[in-house]
Amino acid sequence: MIGVFSYLVFFACIVLVLGIMALGLNLQWGYTGLFNAGVVGFYAIGAYTHAILITAPRPELIGNLGLPWIVGILGAMAASAFAAWVIGLATIRLRDDYLAIATFGIATTIQLVTLNWDGLTGGAQGLSAIPRPLVGWFETPLGFSLWYLGLLVAVVGVLYWALERILNSPWGRVLKAIREDETAAIALGKSARSFRLQAFVLGSTLMGLAGALYVSFIGFVSPFDFLPILTFQVWAMVIVGGSGNNKGALLGALTVWAIWASSGVLISKLVPPAYAAQGGAIQVILIGLLLVASLLFRPRGLIGEVPVVSRRADD
Amino acid sequence: MKRWIAISAAMALSVMLAPADAAAQANCPVKIGGVLPLTGSMGPITKKIAESAQLAVEHINQGGGIKGCQVQFILRDDQGQPTVGVDAAKYLVEVERVPAFTGTISSGVTGPIIASITGPSKVVQISCCSTATPFTVDGRSQGYFFRTLPTSKTQAVATAHEMARRGLKKTALIYVNTDFGQDMSRFIKLATPKLGGEIVVEVPYNDNQPSYRAEVTKALAAKPESLLLIGFPKDAVTIVREWLSLGGSQKIALNNSMRVKDFVDGVGGRFLNEAFGMDNAQVAGPTVDAFNKSFEEKYKYDSKGPGVHTQYDAMMVLGLAMNIAKDLTGPSIKDAVRQVHTAGGATVGTGPDEFKKAVELIKAGKLIKYHGATGPIEFDANGDVTGPALVWKIVNGEIVTDHVISIDEMQALFKKIDG
């Protein structure tokens, strides 16, 4: 039983890291209507910044400063925010699909940079021996996972609370107004460009934070962590969970990742050993079917957006 | 809707929980895990690799299994994605309670598995195919990670050995600035002094430049007696020509990539009569043939392809080590992996009959020496294996084989260098 518990704790940690990314994308797409197809790029910037800042110095690599863990986390957020700001200035006026193409290209570029800038990122071999916070205090992997789960729950709790507050403030209502009708929002005197940029930077900062929290949980980072499939997974989480609802984004992260992980378990249990080599293909089909089914039965997501009516609607 | 979620969650949980209870009741079957990219970009080459692993499991079971139990091989797909692979490995280790598993192919997936699972949880992992050097060198695996394919270390050590044998004392090293070149030069620098030579200067070069005069001049400034060039043929032609025209020695050592006619013709064969190079030698022997035959019989196509032979050996090593280990825990198996090939032991090969023979020897308390689908398998201090190397030279513009450094000689060299 302890094994199952240990696995579930580990699983929950990954879900929460993915959940942070889903919250970031939900802010961008669910509330503001920004089609960011480069989620993984900002995740990569956060992950590598953290790894480079906190890993102990090595002669063959520049960077690797051996700074405290918290500096790595804050640095990762700052770096991804800055990157999002620069990228946002150049691309934010692009509409839907154009923004998607631009951000997708940028994410691919970032991944290629991490693959080729050997001196900084370790290239294809990746960066290993990234310190995990307080790992020395725990004798078992389960102990460390439990502490990390507590940390992630706290981080996600704070993020959720903060996002709910700002999104229910006038600022959040402007974002929704832009999403629904940008021209009308501009006519009301709001600078759509500025608000879109703010949402883009804030959402991308969360993605960077997720990247930093992921590598400090795993202790290893390489360019293969940042393939485009991850962007697709985070999108699936937001859509399946219900875009425009932060609870939905978190539930989506849980649901999609549970489908991904449990389908593999199911295949390894049900497919006879002789056909195990073909089981992988069945798993991919199963994942696709479950995602399609969830969209057919819950087209607005598991928890859709809560309709908001003005307090003065009855007047 | 809520009920539907609750029911499906309960079902998923019950499926996940079932194996843990079963494992608590009986010790048979013995479980071995596997994590391989069955789908994704590596999917096409992984099919044969997975089949090879299954063939090995079949042979282990026909040969008596592990400690009298049949082996259950639980294979999971990592889809070439690190998060998926880590999750699969974590599940195998925690829920299925496997003490050892094999995998995986992409270094980008193997790395996080070693860092977050293999090392911390103390389970044995043997990979058929991940080559990145830091895995076994930087200590993250805590000795629990092994691999059955020779790394670039084999070629580097063979080169250092051959240079020493030919009496090349002061050598300039020029290498291509890629992960391959860096890896090679690192091992060359480690091995050369221990075999009596000296690298007097090392100069990295970037590929596809029109001229390498600056690099060559820098190398010659150290007054070397010979040149060791690690790189690729096109740029190597330019470098060697400039080296010779600036008065460099004709005693030139080369790596495997230069074993092509284009390179020899590009430089001019008459300048290369004192040059020699290295390559990995083709592994041959009865145990290799036996594996090829049984693979073809089972799957009706040949066993050619990357990772097929090394994966078979990875599984067989696990099967033997788990028989040798005093109990089926990670630390015991880790120590036993090093006893799969013991000097003076009785040689055992591939296939069910040989496995049976090995199990009987182990039961009788005798030592064994495993010769697998890739020849003799012996792990060095880092958990890497070595293979035989081949020395070639150029005679009248033709590339000819000089001699082969056998795997036993290679292992002796490794011992000398690792101390």
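**Exercise 1. Find which residues B:Gly307 is in contact with, leaving aside its neighbours within four places in sequence.**

Start with the rule: two residues are in contact if their C-beta atoms, placed from the backbone, lie within 7 Å. Keep in mind that this is a predicted model, where local features need pLDDT of at least 70, side-chain atom pairs count only at pLDDT 80 or more, and totals for chains, interfaces and linings use all residues. Residues are numbered from 1 along each chain as its sequence is written, and chains are lettered from A and ligands numbered from 1 in the order in which they are written. That gives B:Ile45, B:Ile49, B:Ile105, B:Cys128 and B:Cys129.

**Exercise 2. Place B:Gly307 in its chain, then decide: buried or exposed?**

Look between helix H11 (286-299) and helix H12 (308-324) of chain B: B:Gly307 sits in that loop. Helices here are DSSP runs of H or I, at least four residues, numbered from the N terminus. Next, count neighbours: 20 or more other C-beta atoms within 10 Å means buried, 12 or fewer exposed, in between partly exposed, with C-beta atoms placed from the backbone. B:Gly307 has 24, so it's buried.

**Exercise 3. Check the length of helix H2 (residues 39-54) of chain A.**

Take 1.5 Å times one less than the number of residues. For the 16 residues of H2, that should span 22 Å. The end C-alpha atoms are 23 Å apart, which agrees. Now burial: 16 of the 16 residues of H2(A) are buried, so the helix is largely enclosed by the rest of the structure.

Technical notes
Helices (H or I, at least four residues) and strands (E, at least two) are DSSP runs, numbered from the N terminus.
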